[in-house]
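Open the structure in your viewer and keep the sequence beside it. The tour below says what to select next and what is there.

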Amino acid sequence: MQWEIVIGLEVHAQLSTRSKIFSGASTAFGAAPNAEACAVDLALPGVLPVLNHGAVDRAIKLGLSVGGKINSPSIFARKNYFYPDLPKGYQISQYELPVVEGGNVTIHVGETEKTVRLVRAHLEEDAGKSLHEDFHGMTGIDLNRAGTPLLEIVSEPDMRSSAEAVAYAKTLHSLVRWIDICDGNMQEGSFRCDANVSVRPQGSDRLGTRCEIKNLNSFRFLEKAIDYEARRQIALLEDGGAIHQQTRLYDPAKDETRAMRSKEDAQDYRYFPDPDLLPLEIPASWIAEVKSGLPELPQQMRIRLERDYGLSAYDAAALTADREIAEYFDAVADKLPSDPKLCANWVMGEISSYLNNEGKLFDNCPLSPAQLVQLLTRIKDGTISGKMGKEVLRQMWIQSGEQAGGWKRHDSEPVENLVDEIIKSQGLKQISDSGELEKLIADVIAANSKSVEEFKAGKEKAFNALVGQVMKAAKGKANPAQVNEILKKKLAK
Amino acid sequence: MLNSSLKQFSTLLAAKKISSAELTGEFLKRSQALNPGYNAFITINEETSLNQARAADMIIASGGARPLTGIPIAQKDIFCTKGWLTTCGSKMLSNFISPYDAAVVERFNAAGAVNIGKTNMDEFAMGSSNETSYYGPVRNPWDTTAVPGGSSGGSACAVAARMAPAATGTDTGGSIRQPAALCGISGIKPTYGLVSRYGMVAFASSLDQGGPMAKSAEDLALMLNVMAGFDTRDSTSLQREAEDYVRELEKPLAGLRIGLPKEYFVKEINDDVARAVEAAIAEYRKLGAKTVEVSLPNTKLSVPVYYVLAPAEASSNLSRFDGVRYGYRAPKYIDLDDMYRKSRAQAFGAEVKRRILIGTYVLSHGYYDAYYIQAQKLRRLIALDFAEAFKQCDIIMGPTSPTVAFDLGEKSSDPVQMYLSDAYTISVNLAGLPGMSIPVGFGDKNRPVGLHIVGNYFTEAQMLNVAHQYQRVTDWHMQMPAGSQE
């Protein structure tokens, strides 16, 4: 039987507010245990939550970005359960009326575009951490994370493969960073996925029983966990077994999922509206204010890059996977509109790999878009070859220091022409005087009679060897197109 | 001197007839002498109080005194008080020294008042007789075989026995007004949101409201001036301009329309209570007020609605008492669940457990709609009843409690009987309205009777005026229990 895999994701995005969602304590990562837990986070008797409006701003941003509905009012509810790292004995979350409802996210898998619908996004607080090591059979509690703002983004079960699930997670990951509501740091747990996985016979329109795999904190684990879980379910069903609704954990070491708890022991969370917090009213003016601060969204920008710059869908998608790359590219292409493809290749190729090597982000690129355009202009007008361009870039990189506050701050300032200086001082200018080239080529033909004979005997490879010899003689400064042309002409005689 | 008003104490202090240290010392001496019999205080910190008094004396000497500077005030043990044991009447918090001050405590500190001690109360404010306290019952100073009412029984007793000039209380279903009535003092529960709940150990968040308890309406006005005010730390605190609650005290009552709900004057009221209340209303007519019959048809629903909503919120509010971070932890347990179970089983009393169970039940899957949602709808109807009634009157009056103080142990084995005695006060909390009780005489066994005054939202100044005008022409509020005479 052919099986169809059905996946829905719940993503917990930690919102990038400086203080917690219901207290004034810091959310900075890495402090000494409990150093960032104030009276409210400790749930001392008598303390009360006060909503951080910065968290709401961020939820509205996401809602607008996915075309969802911003609910007003939305309601904070208590989810009641006992756990040592849950200090109040309940988590403040949203239940019946979340801040965002609906919306959708467009994903790309290969050449295919697909829309994943969202159910909702709601605000809630994170719990603390239980530390089971280092306490000699006891458990340590660190409440620094308790009260950190989370936006739980719940999708419809619209994905049909682990590749789609990963594409969705990556798109969402890129979006939350793009709109600057979450730092996206998966290692620190700022972006965590729970995957609901079920399988059903191909063509069926009934959903199978699902299992939820909790806390997947990398795209690779997400993919592998879904693949394993789908295989497990299919094998079970093909053996005549049945799926039981369960919460499961993925073990990366063993590459398998295992049962954590079943639906039967699912807790009754006794949700009810939190009487300590008023219904959250979001007037239209608040939404308008957030809207005015939203950047161009990746999906819009992708379409613009394809339309205005004639880029391929692939390039446009790759460039808009990250807002910093996209903005850098946009600034480069804006200054060199005659060859956006050249710009795209250099931004995603050389610049990207230099930055990667140094662990830097595009915003802190030592080379400003204007400087890169100077370089690309010299390649385009034939002054230097692309290969020489890479050498010039290497030297520019060494000479250019990182600009304080990143390139954006200095983008309108005049830039000295480092490129022409380097070309001149190092003599990297391409030989495009045809007289000079013809002499060089004649010398090469004379010195390589064996290759010439082989070429005349029909061996195409020999031509390349001759080109190589010419380039070597020109110390790489010959214009390859010109070399080809003259060489062909001379050999044809 | 013990029977002096706050204003008189303030005048004595300002005139240097007495120092705050001396005044505080006098009340401390009295408290230490009387407390073994009455059990009104859980904690008395003589040195801390005297240090505060000496600091107040310096403020007075420097000319920076405010109306309550140097005056000893007792704090209900539900208000977190920095450096003080704050037990909320429970074994669960019997080891909890608060690291911070409640907003109310901060406000009294800023006003220069002296904290004279932490008063006894029903455990987590759950009770109407002060018999559920882990620290033992409080006695009614008018008759030590009777309960003082609850849950602010310690505060009511302390004020009635003149162990403190005034005290704070909290009121979730009548916990200020009922003990005030049963102990023959005055007390007001303000409009919900007027007094910050920050640092007040939560019982039922949507109903809890702090307020003052004192001998007279005039004293209550001065206390409320300190206690009321917007607090950013409490999201349910109301942002409105500060009021002077003393400003309307002297207004004549001519033309005042007093609403008498027909549902309040029914056979459930004991004759002795009815007689005292009717006499008080007659007095008001003499003062120029008119009476008009009004109806609050959903009054009978208030007790069942309350006993769904309050336990629901309480069951969640009390989840933080898990033995993990502070408070009581069982000495022996085998694992985490066992620690929770034993700590909570050993440290919560029967009434608290009963309400946690009720609350957990009504919030459970399958029961939530039938209980919690229904109760919320009825709560709205109860509030609408009042809105309707206030179209015909300025203020509503009735008995605070259907009976005078009952005997210790009389109702402790019958929780439903106990719950029903709060019928009049509970509906006021459900509607979020301000309510107060003032002494209007004595009933059976010479136990005090309280008149319940309910105002519309934010009419505290008017209510205090209504109470004060009565107290100008009567002296019930000046009477002291025999055992407390100087």
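At what angle do helix α10 and helix α11 of chain A pack? This is a predicted model, in which local features need pLDDT of at least 70 and side-chain atom pairs count only at pLDDT 80 or more, while totals for chains, interfaces and linings use all residues. Residues are numbered from 1 along each chain as its sequence is written, and chains are lettered from A and ligands numbered from 1 in the order in which they are written.

Select residues 369-380 (α10) and 386-399 (α11) of chain A: the two helices pack at about 155°, with axes 10 Å apart. Helices here are DSSP runs (H or I, at least four residues), and strands are runs of E of at least two, numbered from the N terminus. Axes are lines fitted to C-alpha atoms, for helices over the stretch in contact, and angles run from 0 to 180 degrees between N-to-C directions. α10(A) and α11(A) are therefore roughly antiparallel (angles over 145 degrees).

Next, show the side chains of A:Gln371, A:Leu375 and A:Ile379 on α10(A), which make the contact with residues of α11(A), including A:Val392 and A:Leu393. Contact requires C-beta atoms, placed from the backbone, within 7 Å.

Now go to chain B, where eleven strands form an open sheet with mixed pairing; two strands pair if DSSP finds at least two bridges between them. The edge strands are β1 (41-43) and β8 (290-294) of chain B.

Select β7 (257-261) of chain B: this strand pairs with β8(B) in the parallel sense over five bridges. B:Leu260 has B:Glu293 as its bridge partner in β8(B).

Key. Angles under 35 degrees count as roughly parallel, over 145 as roughly antiparallel, 65 to 115 as roughly perpendicular and the rest as oblique. Two residues are in contact if their C-beta atoms, placed from the backbone, lie within 7 Å.
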